[in-house]
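This briefing is for a reader who has not seen the structure before. Please look over the sequence and the model below, then read the points that follow.

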Amino acid sequence: MSSIVGVYGKNGENVFQYLVKMLRETTHRGSKFAGIDIDHSICKVKGIEKLLNQNIKGCKGIGVVSRDVEQPFQYEGLDLSLVCDGEIYNKRQIEDLTGSQLLNNKESILLVFKKFLSEKQNVSNAVERTLEFLEGIYAFALFYKNYFLITRDRIGVKPLYISEEKGRIAFASERKALWSIGMFNTYPLPPSSWAVIRESGIKINYIKNLEEQYFKEVSLEKAEKELLNLLLKSVEKRLKKRKPFGVLFSGGLDSVVLTKIVKDLGYEPILYCSGAENSKDIRGAMRAAEELELPIKFYYMTLEKLKEKLPNIVYMIEETNPLQVSIALPVYFSTLQAKNDDLEFMMSGTGADELFGGYARYIQILESGGYTALHRALLYDIKNIAEENLQRDDAASMSNSVELVLPYLDCELVKYALSIPPRYKIVKIDSICIRKFILRKIAERIGLPKVLVERQKIAMQYGSYSYKLLQELAQKNGFNKNLSKKYGYHSPLKLYIETVARLKKVPGTKRELEELVKNII
């Protein structure tokens, strides 16, 4: 777990203070180790505050704060260094390729890049071969000679943002790091891409990712077995050496399947569920935990707790969309409880809905356009899952220094799931459309009871009552239709959340909302 940053100054200004300020803004992503490389002069210390005593000058630099290992990594004899947020899973294959024994999986990126660069003195070729060879989740930056090479994994599990203004180009794991140095025009580096940052600007390059077509000739039984095999592999490699850990648990199919697999592998996870007392998610999670015979902890959301925590949550997730905020709330409160239990990792079922047709809107797409239209919708949603879901969940969980582990979004599993016939994902039986049909078959195959296999779950923001609580909180603070109309908003809840964001000085909020801030203090 890390936060990575970088600043490329075009006007010769010293970037040291910028790097330190950005890192201090994101120490919740890792605070044990801190390091910077400015013009290939590297400094590594324990704790961000010790960086303040350093006297390093230069106009180009990368930096990192990390929980697990000292960075930046440096390749001796070359102007080449690396900062990385993420994890590489194929360490053994990399050791075979490079002939080196690795102490840390992140360091492997440096060695693979150097290996391919030495074979053909072409940087673009080396980067693309490196990304093709790596198996993992990551956002990383290579500082090579006098330019940066930055990239994200194929699905976009790890976030990375870019900004270019005020005579400099910068990147960071979170937008607030860029805000802290006065750079407000930010955008995410797309998943499955890499960029060159140099004095001339930013050039983004895309690599081949998910295929448009699917195979029509594969049996349901064969698809079930292969998906289960891939899911088992995905869980195993993500849980290696991670004890104890938690599961973000709602009692729905996605989290129940993962939890059963984890239990069958010999782990004993702690389940966490957040919602209003007696909400559907709380009741469903309680029943599922009893069936699985595993301990579960509940966080009961109330209006008082939401009012206390909402300003920080909105700032941390960098988002004012009411739907996005309402989804982030259960993630935030569950990971907060996990943090209080000294956990560093939580498993989540994110991605299963997009892979297997879990959303209700997929039925409408199927009925209007058939299975080809359904496949295209699923593919589109997976390609856009980073911006729609992952960045929000990452920010919510990492604000509590808890990292989400996402087995359904293993690249090999995603590719296979998108290659099977979509008719296995939504099946019509007796005029009733059964969503995530093949995942339910897998649930049966691993021995889950019928009551859990067949449970129909509604979206988290409704099942936990988080959206309803937000609406009540806005109303209680005097945000109604007349007030929202006065300030040019269609929704009282949107106006309320924007006002909360204004309280925290979130960029992009309207200055006139200052007069409403007193209503929420």
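In this predicted model, the side chains of Arg 29 and Glu 174 form a salt bridge, with 2.8 Å from N to O. The two residues come from distant parts of the chain, 145 residues apart. The structure holds 33 salt bridges, and the points below start with a few of these.

**Salt bridges**

- Arg 29 sits in the loop between α1 (16-25) and β2 (33-38), while Glu 174 sits in the loop between β10 and α5 (175-179).
- Arg 29 has a relative accessible area of 0% and is therefore buried; Glu 174, at 2%, also counts as buried.
- A salt bridge of 2.2 Å (N to O) brings together the side chains of Glu 135 and Lys 237.
- Because Glu 135 is in the loop between α4 (123-133) and β7 (136-144) and Lys 237 is in helix α6 (residues 220-239), this pair ties together parts that are 102 residues apart in sequence.
- Glu 135 is partly exposed at 29% relative accessible area, whereas Lys 237 is buried at 19%, since buried means under 20%.
- Glu 318 and Lys 176 meet through their side chains in a salt bridge of 2.9 Å, N to O.
- Glu 318 belongs to the loop between α9 (303-317) and α10 (322-340) and Lys 176 to helix α5, so parts 142 residues apart in sequence are tied together.
- Both Glu 318 and Lys 176 are buried.
- Through shared partners, salt bridges join a set of residues into one network, among them Arg 29, Glu 174, Lys 176, Glu 318, Arg 67, Asp 85 and Glu 403.

**Nonpolar cores and a surface patch**

- The largest nonpolar core has 107 residues, and Val 257 and Tyr 496 have the most contacts inside it.
- Tyr 496 is in contact with Leu 310, Leu 473, Ala 474, Asn 477, Phe 479 and Ile 520, leaving aside neighbours within four places in sequence.
- A second, separate core has 29 residues, including Leu 80, Cys 84, Ile 88 and Tyr 138.

**A buried serine**

- Ser 279 is in the loop between β15 (270-275) and α8 (280-292).
- With 0% relative accessibility, Ser 279 counts as buried.
- A polar atom of the Ser 279 side chain lies 2.8 Å from the backbone oxygen of Ala 276.
- Not counting residues up to four places away in sequence, Ser 279 touches Gly 463, Ser 464 and Tyr 465.

**Backbone geometry**

- Most residues other than glycine have a negative phi, and most peptide bonds are trans.
- The peptide bond between Gln 71 and Pro 72 is cis, with omega about 5°.
- Pro 72 is placed in the loop between β4 (60-66) and β5 (73-74).
- Lys 166, which is not a glycine, has a positive phi near 60° and is in the loop between β9 (161-165) and β10 (168-172).
- Ser 401 has a positive phi of about 60° without being a glycine; this residue is in the loop between α13 (385-398) and β18 (403-405).
- Ser 401 counts as partly exposed, at 22% relative accessibility.

Definitions and conventions: Residues numbered from 1 in each chain as written. Predicted model: local features only at pLDDT ≥ 70, side-chain atom pairs only at ≥ 80, totals over all residues. Heavy atoms only, no water. Helix = DSSP H or I, 4+ residues; strand = E, 2+ residues; numbered from the N terminus. Buried < 20%, exposed > 50% of the residue type's maximum accessible area, 1.4 Å probe, protein only. Polar contact = N/O pair within 3.5 Å; in protein donor to acceptor, adjacent residues only side chain to side chain. Contact = heavy atoms within 4.5 Å. Core = buried A, V, L, I, M, F, W, Y, C linked by side-chain atoms within 4.5 Å. Salt bridge = Lys/Arg side-chain N within 4 Å of Asp/Glu carboxyl O.
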